Amino acid sequence: MKLPVHLNPNGGKGRKRIAFQGGSYALAISAIVLALLVVVNVLVSILPTSLTRFDISSSQLYSITSNTKSVVNALEEDVTIYWIVQADEEDPIVENLLDKYDSLSDHISVVKKNPDVYPTFTQQYTDETVTNNSLIVECGDKSCYISYSDIYLYKTDLYSYGYTSASFDGEGAITSAIDYVVSDELPQLYLLEGHGEAELPQTFQEQLEKDNIETQTLSLLTVDTIPEDAGCLMIYSPSSDLSQEEADMLRDYMAGGGKLLVMAGPVEDSSLDNLYSLLEDYGVTAAEGIVVEGGRDHYAFQIPLALMPNMAQSDITQPLIDENYYPIVPAATGLTVSGSPSGATVTQLLTTSDSAFSKVSGYEMTTYDKEEGDMDGPFAVAVSVELDDGGEMVWFSSSLFLDDGYNAYSSGANVNLTMSALSQHIGEREAMSICSKSLNYNYLTINESTASLLKVTMIGVFPLIYLAVGIGVVVKRRRMQHEPV
């Protein structure tokens, strides 16, 4: 006969022995699991950050592009990146980026320099006051200083009530600096002068410097031929025409495989017949006057002269099409393509709508309405010409296309499109294609009733559920202890 538990003389001791064995077993398992976690943690800590950190940000802020990997993998010389920063002042985003460069190649080493410990270190590289988290990239005798203000970019749009946009350009700045210090020769962009050409806008100049493209001026009146080291010859916003001799020299340059980038639109009290004759050689004619857009969805700011043209598929326009950017072409000359001659391919890069027309009165127009004598569209406002012999020409028929204001209105699309055309001329460079990453985030906004519901759920409902489950577990265990053995 089985005795009740409270009368069984050996029941208490047996239960204590079983409880002791179970507790020892649980303690041993816990110790083993803890030891395994310690070992795993140690192993993970010695792995490179590229294997232990994952970028889930929308702008891929903590990742590097394939362009950077191509530049770094091609390194044959050692590059040192000096990180100028005081103790406990490290920028975590910059630190993460430098860790990635350090792990990409054995030719790259990152060295931290504390200005409190090495107060005169930066004086051999720059005369500027160096702020925390600035960088110096060095290879041999060449170096490049990257200010912290070049890593974080802030732009204020005065036309949007002072809205300030922020972006991180650390990868673009560092990869460009590496490309600069390891390159023996940099691309040469020659700027034509002698015809009242406008000065290059600041934003475009800064982009050229970032992409390590050197600029020089050139007068065709003082040379017999265009220099052989010219990666591209640029004609920007001339106010007077070329001579016939200069136009012939440019024809010879194109025929010999030269590259031309032209931005020339309507001019007041003058004409650019000799310059535009370069296009006529390839079946492209310029309409008299200024293009006015008749389609409301093809112009900006309620100004029919500020064209928002259609973009054709091409290697030049594809980067903008992929990112949904739209250039703005102000005050343009209309171009008509009648056909490409043998040995040349003409592509209409930017085109107006069918309702566009050209106001022959030009800058003297008094209305945007179509009048008698105005020329019907559609027109091209940017074309590319490729010769079988290697010569290339990209032509934007607006002198204001690179203006800083219009470029800002287009969110940088105008400069980006120009740089895309320039990269086709001088050869694709990986360091030219790295864009800054936006730091402007979108936040989830909820109304007050939803917020109250979430508070009640998180503060009241969930804790009560956990409490009820806990009480249920305790009651169940007590019942089991009083059950007969």
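This is a predicted model: local features need pLDDT of at least 70, side-chain atom pairs count only at pLDDT 80 or more; totals for chains, interfaces and linings use all residues.
User: What makes E9 and E10 a pair?

Analyst: Two strands pair if DSSP finds at least two bridges between them. Strand E9 (residues 232-236) and E10 have four bridges and run in the parallel sense, so they meet that rule. As an example, Tyr236 has Met263 in E10 as its bridge partner.

User: Why do E12 and E19 count as edges?

Analyst: Their sheet is open, with three strands in the order E12-E18-E19 and antiparallel pairing. Strand E12 (290-292) and strand E19 (375-376) each have a single partner strand, so one side of each has no neighbour in the sheet. E18 (residues 357-359) and E19 are joined by two bridges, and Phe357 has Asp376 in E19 as its bridge partner.

User: Why is the pair of Tyr82 and Tyr125 called tilted?

Analyst: A search of the whole structure finds nine aromatic pairs. In this one, the rings of Tyr82 and Tyr125 are 6.2 Å apart, centre to centre, with 40° between the planes. Rings of Phe, Tyr and Trp (its six-membered ring) pair if their centres lie within 6.5 Å; planes under 30 degrees apart count as stacked, over 60 as edge-to-face and the rest as tilted. The distance passes and the angle falls in the rest, so the label is tilted. Tyr82 sits in strand E1 (residues 79-84) and Tyr125 in the loop between E2 and E3, 43 residues apart. Tyr82 and Tyr125 also share one aromatic cluster with Phe121.

User: How do you know that Tyr82 is buried?

Analyst: The relative accessible area of Tyr82 is 13%, so the residue counts as buried. Tyr125, at 19%, gets that label too.

User: What makes Lys113 lie over the face of Tyr118?

Analyst: A charge sits over a ring if NZ of Lys or CZ of Arg is within 6 Å of the ring centre and within 35 degrees of the ring normal. Lys113 is 4.1 Å from the ring centre of Tyr118. Lys142 lies over the face of Tyr180, at 4.2 Å from the ring centre.

User: Why do Arg251 and Asp248 form a salt bridge?

Analyst: A salt bridge is a side-chain nitrogen of Lys or Arg within 4 Å of a carboxyl oxygen of Asp or Glu. The closest N and O atoms of Arg251 and Asp248 are 3.1 Å apart, so the pair qualifies. Both residues lie in helix H8 (residues 244-255), three residues apart, about one turn of the helix. Asp248 and Arg251 are also linked with Asp281 in a network of salt bridges.

User: How many salt bridges does the count come to?

Analyst: Eight salt bridges. Another of them joins Asp374 and Lys359 (3.4 Å, N to O). Asp374 is in the loop between E18 and E19, while Lys359 is in strand E18, 15 residues apart. Lys359 has a relative accessible area of 0%, so this residue is buried, and Asp374 is buried at 11%.

User: Why is Asp376 called exposed, and Lys370 partly exposed?

Analyst: Asp376 is at 51% relative accessibility, so this residue is exposed. Lys370 is at 44%, so the label here is partly exposed. Their side chains meet in a salt bridge (1.9 Å, N to O).

Technical notes:
Residues are numbered from 1 along each chain as its sequence is written. Side-chain values use heavy atoms; hydrogens and water are left out. Buried means under 20% relative accessible area, exposed over 50%, partly exposed in between (1.4 Å probe, protein chains only).
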